[in-house]
Amino acid sequence: MNPLESKNDSHTEQLSAKVSRLKNIAIDIDNETKEHNRFLQAMRFDFDTARSFLGGSSRHLGNVMSSGKGDRRFMCYVIGVTNGFPLKINAMKIENVSVDYNRDFITRILQHIEYDALRGAVIDLGLNELLPKTISETIQQDDKFLRKMHKILLEYEIEEGELICSETGRKFPILKGIPNMLLQKVKVS
């Protein structure tokens, strides 16, 4: 074989190997881009969900501010409460709202929930939602359980009622979906 042909074949093999590596890099970039796009889509949904919650809270706050009486002065005090958690809920009016189901959002938020307190609130409210006493790793992946948590966390809205401190018995009214956690000066004295 001609040395020039041999050298040419060697360069061709090297070039082929480099092209193959570039192809693999391009495929990896494509896969990574698709994964990032899926992540961004999920984030967009989370932000849209948060925006709708904040919009509702903002409307409720606007209602509270516009209906507030100017002659009422409130002061917020924390007095001698060592274990007021969790607050008990007494609901007079509960509304159901529709929120699109997002499995990833519910799975992530479960990690930040005080499950025993939530379970107690479901019982206090008399909701027809049976929850297990504990949540295992396997149940956290169960779609039926996640849909139930979605309904409990996002679709029940307490429009009127009160939160009650288990230690002091103080009651904090809930009006138009917003709890008033401020104490009047006369109640604090």
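Colleague: How many helices and strands does the protein chain have?
Modeller: The protein chain has 5 helices and 6 strands. Keep in mind that this is a predicted model.

Colleague: In what order do the elements run from the N terminus?
Modeller: The order is α-β-β-α-α-α-β-β-β-β-α.

Colleague: What share of the residues counts as buried?
Modeller: Of the 189 residues in the protein chain, 21% are buried.

Colleague: And how much accessible surface is there?
Modeller: The protein chain has about 14000 Å² of accessible surface. Carbon and sulfur atoms hold 56% of that surface.

Colleague: What about contacts between residues 24 or more positions apart?
Modeller: Take the contacts in the protein chain with a separation of 6 or more. Residues 24 or more positions apart make up 70% of them.

Colleague: On to H4. Why does its end-to-end distance agree with its 13 residues?
Modeller: Helix H4 covers residues 143-155. At 1.5 Å a residue, it should span 18 Å, and its end C-alpha atoms are 17 Å apart, so the two agree. The expected span is 1.5 Å times one less than the number of residues.

Colleague: Which residues in H4 are buried?
Modeller: Phe145, Leu146, Met149, His150, Ile152, Leu154 and Glu155 are buried.

Colleague: Let's pick isoleucine 152. Why does it count as buried?
Modeller: Isoleucine 152 has a relative accessible area of 8%, so it counts as buried. The cut-off for buried is under 20%.

Colleague: What does isoleucine 152 touch?
Modeller: Leaving out residues up to four places away in sequence, isoleucine 152 touches Leu118, Val122, Glu129 and Leu131.

Colleague: Rings next. How many aromatic pairs does a search of the whole structure find?
Modeller: That search finds 0 aromatic pairs.

Colleague: Then what sits over the ring of tyrosine 101?
Modeller: The charged end of arginine 147 does, 4.0 Å from the ring centre.

Colleague: Now asparagine 102. Where is it?
Modeller: Asparagine 102 is in the loop between strand E2 (88-96) and helix H2 (103-110).

Colleague: Is asparagine 102 buried or exposed?
Modeller: Asparagine 102 is buried, because its relative accessibility is 12%.

Colleague: Which backbone nitrogen atoms does its side chain reach?
Modeller: A polar atom of the asparagine 102 side chain lies 3.1 Å from the backbone nitrogen of aspartate 104. The side chain of asparagine 102 also reaches the backbone nitrogen of phenylalanine 105, at 3.1 Å.

Colleague: What else does asparagine 102 touch?
Modeller: Not counting residues up to four places away in sequence, asparagine 102 touches Phe45 and Asp46.

Colleague: Last stop, lysine 176. What is its phi?
Modeller: Phi of lysine 176 is near 55 degrees. That is a positive value in a residue other than glycine. Lysine 176 lies in the loop between strand E4 (171-175) and E5. With a relative accessible area of 39%, lysine 176 is partly exposed.

Colleague: And proline 179, where is it and what is it in contact with?
Modeller: Proline 179 is in strand E5, residues 178-179. Setting aside neighbours within four places in sequence, proline 179 is in contact with Leu163, Pro173 and Ile174. Its relative accessible area is 37%, so proline 179 is partly exposed.

Notes: Residues are numbered from 1 along each chain as its sequence is written. This is a predicted model: local features need pLDDT of at least 70, side-chain atom pairs count only at pLDDT 80 or more; totals for chains, interfaces and linings use all residues. Side-chain values use heavy atoms; hydrogens and water are left out. Rings of Phe, Tyr and Trp (its six-membered ring) pair if their centres lie within 6.5 Å; planes under 30 degrees apart count as stacked, over 60 as edge-to-face and the rest as tilted. A charge sits over a ring if NZ of Lys or CZ of Arg is within 6 Å of the ring centre and within 35 degrees of the ring normal. Helices (H or I, at least four residues) and strands (E, at least two) are DSSP runs, numbered from the N terminus. Buried means under 20% relative accessible area, exposed over 50%, partly exposed in between (1.4 Å probe, protein chains only). A polar contact is a pair of N or O atoms within 3.5 Å; within protein, one must be able to donate a hydrogen and the other to accept it, and residues adjacent in sequence count only if both atoms are side-chain atoms. Contact means heavy atoms within 4.5 Å. Accessible areas come from the Shrake-Rupley method with a 1.4 Å probe; for residues, only the protein chains shown count as cover.
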